[in-house]
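Let's take a walk through this structure together. Have the sequence at hand and turn the model as you read.

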Amino acid sequence: MKVDPILKRIFYLTFIVLYVSGVAEYVMQLAASGPSPGQWFALRVHGIVGLWFLYFFGHFFSAHIWPSLRQIRHRKTGITVWIFLIVLSGSVPFLYYLSSDCWRDWTALLHTYLGLLIVIPLSAHIYLSICRR
């Protein structure tokens, strides 16, 4: 399903900033023994851009995902990306509001590794759609 080029660019730009800020926070967390100002900044950018991403994801859902579910092309990669995004979005409140440290740690690992891996199905989905043209 064809998407407005401006919406597509904004969606991808938002995704890139979201991904890079999340990876930067993760790398700084691994490299430092304690919280650093850079890690704090990356996490804040990640959170703020994440809210924008949810807004654009809603537009993208109605413009691209929902109409495309009836088509057979690239359905596996598209649904995989969609599931990743739903789990990532759904895990965010649990990162902040779980009272059990064990569950919060588990949720943080799930969110981190799904976030790191999402580029694989998204890249496959984009690649397949470019090759199809």
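Helices here are DSSP runs of H or I with at least four residues, strands are runs of E with at least two, and both are numbered from the N terminus. Ile48 is exposed, at a relative accessible area of 52%; exposed means over 50%, buried under 20%, and partly exposed in between, using a 1.4 Å probe and protein chains only. Together with Trp52 and Tyr55, Ile48 forms a nonpolar patch on the surface, and the three share about 370 Å² of accessible area. A patch takes residues with over 30% relative accessible area and no salt bridge, joining nonpolar side chains (Val, Leu, Ile, Met, Phe, Trp, Tyr) within 5 Å and like charges within 9 Å.

Before going on, a word on the ground rules. This is a predicted model, in which local features need pLDDT of at least 70 and side-chain atom pairs count only at pLDDT 80 or more, while totals for chains, interfaces and linings use all residues. Residues are numbered from 1 along each chain as its sequence is written, and side-chain values use heavy atoms, leaving out hydrogens and water.

Now step back to the whole chain. It has 5 helices and 0 strands, and its C-alpha trace spans about 50 × 25 × 25 Å along the principal axes. Of its 133 residues, 28% count as buried. Among contacts (heavy atoms within 4.5 Å) between residues at least 6 apart in sequence, 72% join residues at least 24 apart.

Leaving aside residues up to four places away in sequence, Thr77 touches Pro121, Ala124, His125 and Leu128. The C-alpha atoms of Thr77 and Ala124 are separated by 6.7 Å, although the two residues are 47 apart along the chain.

What about charged partners? Side chains of opposite charge can pair when their charged atoms come close. Counting a salt bridge as a side-chain nitrogen of Lys or Arg within 4 Å of a carboxyl oxygen of Asp or Glu, the total comes to 1 salt bridge. Here the side chains of Asp101 and Arg104 meet, at 2.7 Å from N to O. Asp101 and Arg104 are 3 residues apart in helix H4 (residues 101–117), so about one helical turn separates them. Asp101 is exposed at 51% relative accessible area, whereas Arg104 is partly exposed at 26%.

Definitions and conventions
Areas by Shrake-Rupley, 256 points an atom, 1.4 Å probe, with all protein chains shown as cover.
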